[in-house]
Amino acid sequence: MRVKYRGEPDPVFAWNEIIPCLFMGGHVRQGPSGERIPVVVGTEFDVVISLYRKDGHGPAETVEHHCREMPDGPLTAAQLADICELADTATAAVRAGRKVLVRCHSGYNRSGLVVVQALVHLGYQADDAIFLVRYRRSKWALNSHLFVDYLTTGLDVASLLIDLDG
């Protein structure tokens, strides 16, 4: 499930390097005439983390692939725990010098949750990590205020607060 927030355009690039070995991308990009072009991942990365899945978009069978489909909206405590687990996977791979792609539909919000949390694990402050993602990927990255709130509150605290509401 994907939500359009403010009529954001499809990204121009299939993926962008946020820091060395950590990339953020999606399943579609904008072509030169504005047309939507599918993004297919082959063997460009050692690890691919997908928060949205579409048949025929890869990665190759030989690539380590972690797929947890997430809504592009409010998340449960269990889903936030999955985000943290995927961020741990990305962090460990980056520290090992492996190329990691984190992707969702457009590569803006769900992938941003995992990438920012991985950056936090790597020593960045949440606000700095959010800025870096927007600078390197797109000004449209993390345009979900809810997702930004999760990150600036801390995913562990956000998860506890969600459990209290449930």
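**Note on the sheet and its helices**

1. Five strands form an open sheet in the order 1-2-7-5-6, with mixed pairing. Strand 1 (15-19) and strand 6 (64-67) are the edge strands, and each pairs on one side only. From one strand to the next, the twist averages 20°. Two strands count as paired if DSSP finds at least two bridges between them. Helices (H or I, at least four residues) and strands (E, at least two) are DSSP runs, numbered from the N terminus.

2. **Basis of the note.** This is a predicted model: local features need pLDDT of at least 70, side-chain atom pairs count only at pLDDT 80 or more, and totals for chains, interfaces and linings use all residues. Residues are numbered from 1 along each chain as its sequence is written, and side-chain values use heavy atoms, with hydrogens and water left out.

3. **Strand 7 and its neighbours.** Strands of a sheet pair through backbone hydrogen bonds, either parallel or antiparallel. Strand 2 (residues 22-26) and strand 7 run parallel and are joined by five bridges. L22 has V100 as its bridge partner in strand 7. M24 stands opposite V102 of strand 7. Strand 5 (residues 47-50) also runs parallel to strand 7, with four bridges between them. Here V47 is partnered by V100 of strand 7.

4. **Burial of strand 7.** How many residues of strand 7 (residues 100-104) are buried? Five of its five are, and the strand is mostly covered. Buried means under 20% relative accessible area, exposed means over 50%, and partly exposed is in between (1.4 Å probe, protein chains only). Both faces are covered. V100, V102 and C104 lie on one side, L101 and R103 on the other, and all are buried. Note that R103 is in this buried set.

5. **Helices on the sheet.** Helix 2 lies across strand 1, strand 2 and strand 7. Helix 2 runs at about 170° to strand 2. Helix 3 lies across strand 1 and strand 2, at about 145° to strand 1. Axes are lines fitted to C-alpha atoms, for helices over the stretch in contact, and angles run from 0 to 180 degrees between N-to-C directions.

6. **Helix 1 against helix 2.** Two packed helices are described by the angle between their axes and the distance between the axes. The axes of helix 1 (residues 77-95) and helix 2 (residues 110-121) come within 8 Å and cross at roughly 55°. The two helices are therefore oblique to each other. Angles under 35 degrees count as roughly parallel, over 145 as roughly antiparallel, 65 to 115 as roughly perpendicular, and the rest as oblique. Helix 1 contributes I83, C84, L86, A87, D88, A90, T91 and R95 to the contact, and helix 2 contributes L113, V114, Q117, A118 and H121. Contact means heavy atoms within 4.5 Å. The residues of this contact are eight nonpolar, three polar and two charged. Ala, Val, Leu, Ile, Met, Phe, Trp, Tyr, Cys and Pro count as nonpolar, Asp, Glu, Lys and Arg as charged, and the others, Gly among them, as polar.

7. **Helix 2 against helix 3.** Helix 2 and helix 3 (residues 126-136) pack at about 130°, with axes 9 Å apart. That makes helix 2 oblique to helix 3. The crossing is right-handed. V115, V116, L119 and V120 of helix 2 meet A126, A129, I130, L132 and V133 of helix 3. This contact has nine nonpolar residues, no polar and no charged.

8. **D88.** D88 and H57 are 31 residues apart in sequence and 24 Å apart in space, C-alpha to C-alpha.

9. **Backbone points to check.** The peptide bond from G58 to P59 is cis, with omega near 5°. P59 is in the loop between strand 5 and strand 6. C21 has phi near 80°, a positive value in a residue other than glycine. C21 is in the loop between strand 1 and strand 2 and counts as buried at 18% relative accessibility. L142 also has a positive phi, near 55°. L142 is in the loop between helix 3 and helix 4 (145-153), and is buried at 0% relative accessibility.

Note on methods
A crossing is left-handed if the near helix is turned anticlockwise from the far one by less than a right angle, and right-handed if clockwise.
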